[in-house]
Amino acid sequence: MEMPTDTTDPCDICGATMMRPVLAVSLIGVTRTHVHRCPACGFRQVRPRLTAAEIRNLYPSDYFDDASPVGYVDYAREFQRRQREAYFLVQWLKRVRPEGQLLEVGCALGFLLAGLKRSGWRLEGVDASAFAAFYASTRCGLNVTCATLEEASFQDERFDVVIQKDLLEHVADPRGHLNETYRLLRPGGWLRLVTPNGETNLRPLMVAAARPGAMLPVLDQGHLSFFSRGHLLRLFEECGFRCHRMRVIGIRRGLRALGLLPGQGRFVRQTVAAAPSPQGAEVSGAMDTERFERLADRIDRDIAERHSRLRSWPPYFQLHRVMKQFDSLPAWCEVGYDFECLLQRL
Ligand SMILES: [Zn+2]
C-alpha cells in the first residue's frame, strides 16, 4: 500500500508541504516506513516523523552488542578510532582556549570524551541510549546523561564547543535540533558536526529496490534524514551558524555507494517484511543493570584483546591522518560518504 503525500508536515529545509513517498524501507529491520522526498528542494526524510519514544526503541542496548544483527559492530575498532580523533581534537581545543566547557551530543559509550580528559576542558555528554550512558558513566567515569539534547534542557550559552557526530540524521526534527544546539552554545562557540551524505546513503537502497522482485531494503542504522550539501548549508545559515569548513570524507566508500566503483551491493541488506519490534522501551532499572554489566564486560574484554601499542602510538595517529587526507575532498564534490563540518555560532 502506497503512502499518501504528506501535506501537513512541512519540509525541514524549504517549508513546502508536499513530501512524497519515494522508497519503502524497513527501519533497522523493525519498522516498515517510507522515505519521502520534497519536490521543491529534493530533501528526503522518513515520514511520518517518529516520536521520541519510537526513536528510543530503535536503539535498545543490543544496538551496541556485537552479537546482535542491528547497530554497531566491532567496538574495539571504534575505540581506536576515537582515540585518534581525541588526540587531534585535544590539540585543536588548546588552540580555541586553555579550558572550557564541551558537550558531546550522542556520545555513545564515551570513547571520544574519555580521550579528551587530558585537555583540561570540562566534559559532558548526552546519549539517548540507557546502556551507552551507563557505560560512559561507570566504565569511563564521565558525566553523561541518558537523554536527548532537548530533554537534557541545558542552560542558555553554557558550552564553548559542541560535538555531534553521526547524530543529525537520527533526530526527528533536524531544524529544531540545530536551534537547540544554537541556544546552548555561547556566541562564537564552535560546533563540530559529521553527518552522512544523503545521496551515498540512499542510492544503494534505491537501486536495490528498483530490481524486479526486490525485498524491502533495510535502513540499517536508523537514519531518518538525507541531506545534500545545499540542504545542510541552508539549515546551518538559517539556524544561526557560520560554516568555516566543510568537506566530504570517505571518498572510496562514497564512490562505491554511488555505483562508480564496484561494491554497491555491500551497502544493502534486504528483508521480506518488517518484524515486530523485539522489545519495549528500555530503562536503566535494577533488572537492566545486571545485563548492562555483562555487556560492558564483554566490550571491555574485546577492547583489551584488540589493544595494539602501535595503533595507540601518536606517530601512527599522524600517519593515519595523512592517509585520511587522501580520502577527503572539498564538500562541493558530493562523492564522499560523509560531510564533515566546522561551524561557529554567530
Ligand atoms: Zn523542501
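Strands are DSSP runs of E with at least two residues, numbered from the N terminus. The views below come from a predicted model.

**View 1. Y337 sits in a loop between two strands.** The loop that holds Y337 runs between β13 (328-330) and β14 (338-345). Y337 has a relative accessibility of 10% and counts as buried, because buried means under 20%. Leaving aside residues up to four places away in sequence, Y337 touches P196, N197, T200, N201, I249, G250, R253, G254, A257 and F267. Y337 and R256 are 81 residues apart in sequence, and their C-alpha atoms are 9.3 Å apart in space.

**View 2. Four cysteines coordinate the zinc ion.** The SG atoms of C11, C14, C38 and C41 coordinate the zinc ion at 2.3 Å. Along the chain, these donors follow the spacing C-x2-C-x23-C-x2-C. The angles among the four donor atoms are 101 to 116 degrees, and the site is tetrahedral. For four tetrahedral donors, the ideal angle at a metal is 109.5 degrees.

**View 3. D127 lies in strand β5.** Strand β5 covers residues 122-127. D127 is buried, with a relative accessible area of 11%. The side chain of D127 reaches the backbone nitrogen of C107 at 3.2 Å. A polar atom of the D127 side chain also lies 2.9 Å from the backbone nitrogen of S129. Beyond residues up to four places away in sequence, D127 touches several others, among them G106, A108, A132, V144 and C146.

Key. Residues are numbered from 1 along each chain as its sequence is written. This is a predicted model: local features need pLDDT of at least 70, side-chain atom pairs count only at pLDDT 80 or more; totals for chains, interfaces and linings use all residues. Side-chain values use heavy atoms; hydrogens and water are left out. Donors are N, O and S atoms within 2.8 Å of the metal (3.2 Å for Na, K and Ca); water is not among the atoms, so sites may look incomplete. Four donors count as tetrahedral if all angles lie between 85 and 135 degrees; four count as square planar and six as octahedral if opposite donors are over 155 degrees apart and all others between 65 and 115; anything else is irregular. Helices (H or I, at least four residues) and strands (E, at least two) are DSSP runs, numbered from the N terminus. Buried means under 20% relative accessible area, exposed over 50%, partly exposed in between (1.4 Å probe, protein chains only). Contact means heavy atoms within 4.5 Å. A polar contact is a pair of N or O atoms within 3.5 Å; within protein, one must be able to donate a hydrogen and the other to accept it, and residues adjacent in sequence count only if both atoms are side-chain atoms.
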